[in-house]
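Here are a few friendly notes on the aromatic side chains, for you to read alongside the model. I begin with charges over rings and then turn to the ring pairs.

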Amino acid sequence: MKIMVIHPGTQHSTKLVAAIKSHGHEVKLVTTVYNKKGSLINKLFKILPNAERQRINSRKHSDLTEEDIILFNELEGLILLVIGRLDKKKILYTWYKRIVAKKVGIRAAKMAVKENYDLVFSFDSYAEYPFSYLKNKNSKILCIMDCSAAYAEAAKITYSKQIELYPQLKEALMEERCVLWNKKYYSDMLHEAKISDYIICASSYTKRTLTEYGIKNDVITVIPYGYNPASVCKSEDKREGFNILYVGGVNIMKGMPYLIEAFKSIKNDTIKLTLVGNVQSVIRDMCKDDSRISLKGYIPHKMIHQEYAKADLFVFPSLSDGFGFAPLEAMSYGVVCAVSDASGICDVILDGENGFIFKAESSIEIKRIIEKCIDDKHMLNVMSKKARIKALEFSEKSYADKIESFLEKIEI
């Protein structure tokens with residue numbers, strides 16, 4: 001089978017390509033920024049700051065060769081990355097992101113037609129452009145959308161609710177998922193799901209957001225993401241206090257206000273909360289009056305194990321999340337996770353057995369779980385072992401096998 005995967009950025013596109021390739025298919029990834037020989041980014045690589053070099057290299061996948069990557073519109077992709085760093089209000093960024101997505105998507109679709117590909121994968125917020133081109137050309141190429149997040153209509157309702165609850169955070173919330181507030185981009189995102197021949201998504205949560213807003217159930221397949229588990233468990237050395245960890249975007253829609261509120265309400269000087277990831281300014285302000293909260297900022301993935309090794313509990317309070325690699329990664333280290341019911345990782349958690357599930361937007365429930373874990377270390381140790389065993393089920397091989405099963409079932 002001849003397959004093309006289109007993504008101007010990355011998300012988990014390299015993992016999808018590697019999964020498809022592992023079963024012998026001819027597959028190419030079309031993207032904009034990738035450090036391959038002769039590329040624009042390769043020529044600039046040595047003069048980039050170390051942090052940027054690490055970010056660029058994080059886009060690579062060890063199972064892919066340079067021949068597996070097709071680069072389109074490299075300069076536009078790099079400009080988009082720069083604008084994304086500088087444009088705090090995300091107005092220019094959103095406008096330019098749509099332009100880049102459209103250029104890359106249509107160019108890739110034209111190649112797919114010319115070179116007789118069997119099917120094309122693209123991702124939510126990028127699939128409209130290649131899929132519309134293929135449909136307008138009456139192409140027989142199958143269009144498959146990989147939906148990594150909640151359906152746009154459901155997501156906008158969730159964001160709008162938070163704006164009503166916290167009107168003072170309106171600007172920050174609108175910046176966080178800027179594409180939802182751009183009328184043209186939002187319309188594209190609603191349409192792309194409707195013209196997809198098939199949709200794959202990582203969780204029953206994401207599937208539910210699609211079916212609730214009119215996408216047919218029979219075109220959707222749930223395929224959980226894969227992650228190669230850690231080879232070691234978290235440290236069992238006796239440590240003072242109780243360490244709570246979160247890894248990911250440290251922002252409002254990841255539920256940070258609820259986690260911070262819950263944490264601050266616990267009057268215990270021996271507990272610590274560590275937040276790892278890019279920190280939104282409004283969240284930084286919420287934390288500054290509590291010395292027990294540590295804001296680590298971005299940490300390269302190869303060093304993140306140090307944080308998992310010290311954690312007693314991982315809390316993932318997201319208000320809308322298609323899956324959640326970080327909790328699965330934490331579980332592979334034997335760290336017990338408490339996750340919101342608005343996150344796809346719920347499919348992996350057995351509440352009270354290998355982790356906890358709490359109602360999204362509930363600082364009260366987060367507080368209750370933290371206090372329960374502090375008071376019962378034996379329970380936490382038992383759950384830790386079960387968490388690691390469960391994480392072993394979600395390897396990259398398991399993901400690749402499920403992708404292959406999906407490809408065998410669809411009609412070409």
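1. Arg107 places its charged end over the ring of Phe72, 4.0 Å from the ring centre. A charge sits over a ring here if NZ of Lys or CZ of Arg is within 6 Å of the ring centre and within 35 degrees of the ring normal. Lys156 also has its charged end over a ring, that of Tyr186, at 4.3 Å from the centre.

2. A word on the basis: this is a predicted model, in which local features need pLDDT of at least 70, side-chain atom pairs count only at pLDDT 80 or more, and totals for chains, interfaces and linings use all residues. Residues are numbered from 1 along each chain as its sequence is written, and side-chain values use heavy atoms, with hydrogens and water left out.

3. The structure has 11 aromatic pairs (rings of Phe, Tyr and Trp, the last by its six-membered ring, with centres within 6.5 Å; planes under 30 degrees apart are stacked, over 60 edge-to-face, the rest tilted). One of them joins Tyr166 and Tyr258 edge-to-face, at 6.4 Å centre to centre and 70° between the planes. Tyr166 is in the loop between helix 7 (152-165) and helix 8 (170-176), while Tyr258 is in helix 11 (residues 256-264), so the pair ties together parts 92 residues apart in sequence (helices are DSSP runs of H or I, at least four residues, numbered from the N terminus).

4. Phe323 and Phe325 are edge-to-face because their ring centres lie 6.0 Å apart with planes at 75°.

5. Finally, Tyr246, Tyr308, Phe314, Phe316 and Tyr333 make up one aromatic cluster.

Definitions and conventions: Helix = DSSP H or I, 4+ residues; strand = E, 2+ residues; numbered from the N terminus.
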